[in-house]
Amino acid sequence: MIARSKKGSCPSQLCLALCAFELALLGDVSRAAPMDDQDYYLQEISNRDHYYSFPYPGEELFPFTEQPGEEGPIRAAETEEHPGFKPSRKELKPKKSNKKGKSILETPPDCPPLGLETLKITDFQLHASTAKRYGLGAHRGRLNIQAGVNENDFYDGAWCAGRNDPYQWIEVDARRLTKFTGVITQGRNSLWSSNWVTSYRVLVSNDSHAWTAVRNESGDVIFEGNSEKEIPVLNMLPVPLVARYIRINPRSWFEEGSICMRLEILGCPLPDPNNYYHRRNEMTTTDNLDFKHHNYKEMRQLMKTVNKMCPNITRIYNIGKSNQGLKLYAVEISDNPGEHEVGEPEFRYIAGAHGNEVLGRELILLLMQFMCQEYLAGNPRIVHLIEDTRIHLLPSVNPDGYDKAYKAGSELGGWSLGRWTQDGIDINNNFPDLNSLLWESEDQKKSKKKVPNHHIPIPDWYLSENATVAVETRAIIAWMEKIPFVLGGNLQGGELVVAYPYDMVRSMWKTQDYTPTPDDHVFRWLAYSYASTHRLMTDARRRACHTEDFQKEDGTVNGASWHTVAGSINDFSYLHTNCFELSIYVGCDKYPHESELPEEWENNRESLIVFMEQVHRGIKGIVKDVHGKGIPNAVISVEGVNHDIRTGADGDYWRLLNPGEYMVSVKAEGYTAATKTCEVGYDMGATQCDFTISKTNLARIKEIMKKFGKQPISLSVRRLRQRARQWRQQR
């Protein structure tokens, strides 16, 4: 037992010896086991300088290790310059730009993003020295985060420091040892102000108390930041650093603004078998699919590969060309590809209307691979879906825009690079505004020009060559008119929600207002069918992507209540064709890193399949004449629903409805109308509801007269001739 002094402390020489002995023991323990097998906490306390100590294969030890005669690790507070310090241009490290036209994906950084943009990094892992207000706190310092229109206290567009001085910082806790390789920064997203950081330092730590700056031969490295607020800037660290915490310390900022930034950190988490929490939450997939970003040529090759694997159920075709002449390729999956089978509904998924929203494109490519593999494996669910449905998959509506985003790379395109077509058009909102035509007709009941509640014709002005319509939009419209689609989903990005029509508010004085279609109950179910089977959309613990929390509607939203849009693809599809279309926003990150694709596939796989299966909900049938011939263009009406549909060329139809009992009527020119009760059950599978109708007497007379080369005389003409004859006889 060690003797102590009366004050309760050991003699100074004995204490020093004891401390040395304990450190020796720690050193022996740390050397006794491989790094991966050590206790995580022991690594933390025994290896203060481990971001110097553990080289990777092929890497040299960190060259800035303390040398004899040099000072030890310097804490951040001991290295701060005068508050008025602004580094000169010579102190700034120049940015490394890519070769012109070369994708960053061809020479990717060693490590992927940690996940500030994808929300893998939680709000609790972000800390800052100060914040201007809550809405500008560290939790808002995420790459590409968007501010609300009002930029209020809760949803602003960056982290902004409470003071403008070089003592400010924002910090990320990776919660495990991580090899940090780079930093990506942006300024503040704002309609009303301009704020960004023009230079910064990077510091790392194991315990968030002792910090060491990234250094080179001349001292602390000052990284060049942003020159405007939206374009991301990537800076790679001179040498990868292994630590748990990383801190960004702004050194200069836009003179007319303040310290505000959004960021992403590139890093590789190190293996840690003792950390059960991380192992339990790591997402893996068992599907053997091609998880990568595909450029145009690779996308085409992948389609060919799928077609070669499953030639009996797939067909590749194109619906037109882009502004730059790239073909808009689609893949059909059906047991009888190339033909419309009577009684079989047609479904479509499209993606890439905004070229930079890449996740939807890759999900469709993964879906076609998955369905081919599962069909060959005899998966009864997939076999049944393919045999009873004609499925069309169009992964890239805007290949020109995608090419721009692809060349910038998954983290460096910002929020909008590649969104529009080559001629600057937003395809998603480039369709005819048929809502206004319908609502004006309904509001003016005495109007001579009556607009039907379905299959509203496209206005003449839109069809003119001078109209501002993208060639891609015209190709989609022709495709929609050619094939009798019943249900469709357009995959988008930047949010995690399913939006259903109407997308346009009825009142011209409002920008947000719930505007339901006559089939609102059906659309809400369709939206919920996708959202409820997605791994994250209805998770109450999930953080909002940007400014909107869609949890109150279970991950769904009426488009017009979110933000009004005229000429959307959803509204046009509903009012001009029989197809019910919804917008499916599949992720907060429009262009996730390649390493995120397996997890995103797992998030969306079940939802993609379930949504396709909804095409078999409601009623279906064939409208025939007494001779058994299908009657095209017959109008199908459901009592209580002010929206009709029409039969296809073979007389077949599909009407999406929720479970219940409905009075269904059919009418066609020259035929007698008919009505019957059709009941929709809760089990999957549409209820068969066929009609046989006969021609009217007038139609029969016209048919007979036409057959014998004579035209029927109208009744009014007969009466006039009879009166003239009687008048002559009376004279």
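Q: Two strands are said to pair if DSSP finds at least two bridges between them. In this predicted model, how many bridges join strand β5 to strand β6?
A: Strand β5 (residues 197-205) and strand β6 (residues 212-213) pair over two bridges, and the sense of the pairing is antiparallel. To read such a pairing, one looks for the residues that face one another. In β6, Ala213 is the bridge partner of Leu203.

Q: What lies between the strands in the hairpin of β5 and β6?
A: Six residues lie between the two strands of this hairpin. Within the hairpin, Ser208 takes a positive phi near 65°.

Q: In which sense do β5 and β10 pair, and over how many bridges?
A: β5 and β10 (residues 233-253) are antiparallel and share eight bridges. As a point of reference in the view above, Val197 stands opposite Trp253 in β10.

Q: How many bridges join β5 to β9?
A: Two bridges join β5 to β9 (residues 222-224), and these strands run antiparallel. Here Ser199 stands opposite Glu224 of β9.

Q: How is one to decide how many residues of strand β5 are buried?
A: The relative accessible area of each residue is compared with a cut-off: under 20% is buried, and over 50% is exposed. By this test, eight of the nine residues of β5 are buried, and the strand is thus mostly covered.

Q: What is a disulfide, and how many does the structure hold?
A: A disulfide is a covalent bond between the sulfur atoms of two cysteines. The structure holds five of them. One of these disulfides is formed by Cys111 and Cys268, with sulfur atoms 1.8 Å apart. This pair links distant parts of the chain, 157 residues apart: Cys111 is in the loop between β1 (92-93) and β2 (126-128), while Cys268 is in strand β11 (residues 260-269). Both Cys111 and Cys268 are buried.

Q: Why is the disulfide of Cys111 and Cys268 called left-handed?
A: The handedness is read from the torsion about the S-S bond, which is about -115° for Cys111 and Cys268, so this disulfide is left-handed.

Q: Which parts of the chain does the disulfide of Cys545 and Cys588 tie together?
A: The sulfur atoms of Cys545 and Cys588 are 1.9 Å apart in their disulfide. Cys545 lies in the loop between α12 (520-531) and β18 (556-558), and Cys588 in the loop between β19 (580-587) and α15 (597-613), so the bond ties together parts that are 43 residues apart in sequence. The torsion about their S-S bond is about -60°, so this disulfide is also left-handed. Both Cys545 and Cys588 are buried.

Q: Where do Cys678 and Cys689 lie?
A: Cys678 and Cys689 form a disulfide with sulfur atoms 1.8 Å apart. Cys678 belongs to strand β25 (residues 674-680), and Cys689 to the loop between β26 (687-688) and β27 (691-692), so the pair ties together parts 11 residues apart in sequence.

Q: Why does Cys678 count as buried?
A: The cut-off for buried is under 20% relative accessible area. Cys678 counts as buried because its relative accessibility is 3%. Cys689, at 3%, likewise counts as buried.

Note on methods: Residues are numbered from 1 along each chain as its sequence is written. This is a predicted model: local features need pLDDT of at least 70, side-chain atom pairs count only at pLDDT 80 or more; totals for chains, interfaces and linings use all residues. Side-chain values use heavy atoms; hydrogens and water are left out. Buried means under 20% relative accessible area, exposed over 50%, partly exposed in between (1.4 Å probe, protein chains only). Helices (H or I, at least four residues) and strands (E, at least two) are DSSP runs, numbered from the N terminus. A disulfide is a pair of cysteine sulfur atoms within 2.5 Å.
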